[in-house]
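Student: I should like to learn how to read a model of this kind. May we work through some of its features in turn?

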Amino acid sequence: MKSNPTLTDAPIAELRSASKRFGAVLAADDLNLSIERGEFLSFLGPSGCGKTTALRMLAGFEPPSSGQVLLDGQVVNDLPAYRRPVNMVFQHYALFPHLTVAENIGYGLRQQRPRPSTADIAKAVDKALETVRLQGFGPRRIWEMSGGQQQRVALARAIINQPKLLLLDEPMAALDKKLRRDMQIELQSLQRSLGITFVLVTHDQEEALSMSDRICIMRGGKIVQIGSPRDLYDRPKNRYVADFVGKSNFFAGTVDAGGGSLTATGHRLAGRPTQSLIAGQAAWASLRPEQISLTRQPGEGISLPVQVETRIFLGEHTEYLVKNADLGAFQVLVSRQAESTEGGFEPGDKAFAGWQDGAALILADD
Amino acid sequence: MLVLPLVVVFVFSFGERGPAGGYVPAFTFDNFLNLGTRWAAFKNTLVLAPVGTLACLLIAYPLAYFLAIRAGDRWKTLLLILVIVPFWTSILIRSYAWIFLLGGQGLPALLDSLGLGNPRLINTPFAVLVGIVYGYLPLMVFPIYVSLERLDKRLLEASSDLGCPPARTFLNVTLPLSMAGVATGCMLVFILLMGEFLIPAMLGGGKVFFVGNALVDLFLQSRNWAFGSAVAVALVLVMLVTVTAYMRATRRWAGGRDDVSLM
């Protein structure tokens, strides 16, 4: 089949200046976002940041107060959820307790008009059960299924309709850590094999980083930054993003002339600004714990005398909390390999914390 | 302690009326053979109890639905109070109000002045039905309200998300998941209605009488305890049969689900 290139290149969904107001609260504030065909996009942020509202606007549960929601190039502001080719995996799954597993999964197909034949529905349900590896569970009741199995049922119930967008609202929140990890891998491979665009809402940065093609970081109803996990990790726009994506040490200071460094309690910390900064402005020098090394002798580049405060063994890495007289306490992550050459440190040991001069990121609050 | 009065009634039902009323021990089936003379009371009860239950259900469901799903918090509190408040006064006093409302000076007079005819309402089965609905409505509203209130509203969103418009969502999700409340309410109202005597006595004016009225009459007026006991035993048997049939039916319908319980 020949496809129209202008159609397939167009984003599958878009938010254009979409805002949502609940009384005095602006839950979503002027959101602008294009969701590409077949991508895995995550909304990441703390609770109340507007990520769920954004998802619910795409699903059709909340019409935007202003702005537009587009699906496949069409404005769908007033299209109710039951008319949108979009399906959702709900937080806590929202499975129908009075229906069997198979009836839950076939629910969407039974709503189609003209209604598919019973045999066709049964066939599609079997295939969906197979996709989520629940063959033979069709006649079971919902309450007979474990949390992880219920999640698969919710997933099957959504994908059987071959939606243009699959929305996932904190789908892993109720699962234990091990199961969550398995499910993340499974979701990712499912997304690739089905070719459906996935939009995930989560407050778990690890989940967003490991699964997404792009992450949309939100705060207070606004989008702070959109980018690939690597982009966000290497070039966070501000301190909020750097804090949310991975761990970071932040040293408060004022920006020097030129913007390429800042002075923090007498120390000049050189680095790379991720947005334009004005000399004298209050800012932060950000350093990832793994960028810092710990040695017994002062080394090249920046090298600060520190005292080891605590030590946490993490297997492949050891995490130290060290304290410098001027800059205060910060974290250092030492790999097993580095530790074997330098030897381990004990709380109370004197050491030198060092990093390559210019390795810091110079970040503003906003 | 619970079954002792029932045993007494059962034993009495085979006895005879004494010369001055009361009970004389005997063993005769005469009382049961005479049950036919109270057929009208049984007929009224067996018609008006199910019809009254149904009428309560038809009014209570939309009310409970509005309370649990549509109403805002302020409306909800106000309406719940309005449903509860009548319970604070005796049904006797409230029935007097209905005697006035349905009597010649009440609703019929109002209809007459509007040129809509002057129907006789008081002392008819209709008046008894109105009294029943009025008196028993809260008993039907509350179980249904509770089951609708407990209904996870996200299920309605899930249904919509899967392409089901609101009216069908009601039939597919809301109604089946509130059937536990409906079953409880119907059972409660029906059982209590089978023993009702106050409403038919006051609003039926001796023309529309229930088995309950026959019992009051037999025990307190004609003092025929033996025959009264036989009528009571017959009523208990009728209830046993209908309630068992009802429970069978709801259980089969529920298909062994654990979200449906009768009480």
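Student: At what angle do helix H3 and helix H7 of chain B pack?

Tutor: Bear in mind that this is a predicted model. For a helix pair, one considers the angle, the distance and the residues at the contact. Helix H3 (residues 39–70) of chain B packs against helix H7 (residues 125–150) of chain B at about 45°, and their axes are 6 Å apart. That angle makes H3(B) oblique to H7(B). The crossing of H3(B) past H7(B) is right-handed. By class, 26 nonpolar residues, one polar and one charged make up this contact between H3(B) and H7(B).

Student: What is the order of the strands in the open sheet of chain A?

Tutor: The four strands of chain A follow the order E2-E1-E4-E5, and their pairing is antiparallel. Strands E2 (25–35) and E5 (74–75) of chain A each have a single partner strand, so one side of each lacks a neighbour in the sheet. E5(A) is joined to strand E4 (residues 66–71) of chain A by two bridges, and Leu70(A) stands opposite Val75(A) in E5(A).

Student: Which strands of chain A does helix H2 lie across?

Tutor: Helix H2 (residues 51–59) of chain A lies across E1, E2 and E4 of chain A, and runs at about 115° to E1(A).

Student: Where in chain B does pLDDT stay under 50?

Tutor: Where pLDDT is low, the predicted coordinates should not be read in detail. In chain B, this concerns residues 256–263, where pLDDT stays under 50. The mean pLDDT of chain B is 87, with 96% of its residues at 70 or more.

Methods
Residues are numbered from 1 along each chain as its sequence is written. Chains are lettered from A and ligands numbered from 1 in the order in which they are written. This is a predicted model: local features need pLDDT of at least 70, side-chain atom pairs count only at pLDDT 80 or more; totals for chains, interfaces and linings use all residues. pLDDT is the predictor's confidence in each residue, from 0 to 100. Two residues are in contact if their C-beta atoms, placed from the backbone, lie within 7 Å. Two strands pair if DSSP finds at least two bridges between them. Axes are lines fitted to C-alpha atoms, for helices over the stretch in contact, and angles run from 0 to 180 degrees between N-to-C directions. Angles under 35 degrees count as roughly parallel, over 145 as roughly antiparallel, 65 to 115 as roughly perpendicular and the rest as oblique. A crossing is left-handed if the near helix is turned anticlockwise from the far one by less than a right angle, and right-handed if clockwise. Ala, Val, Leu, Ile, Met, Phe, Trp, Tyr, Cys and Pro count as nonpolar, Asp, Glu, Lys and Arg as charged, and the others, Gly among them, as polar.
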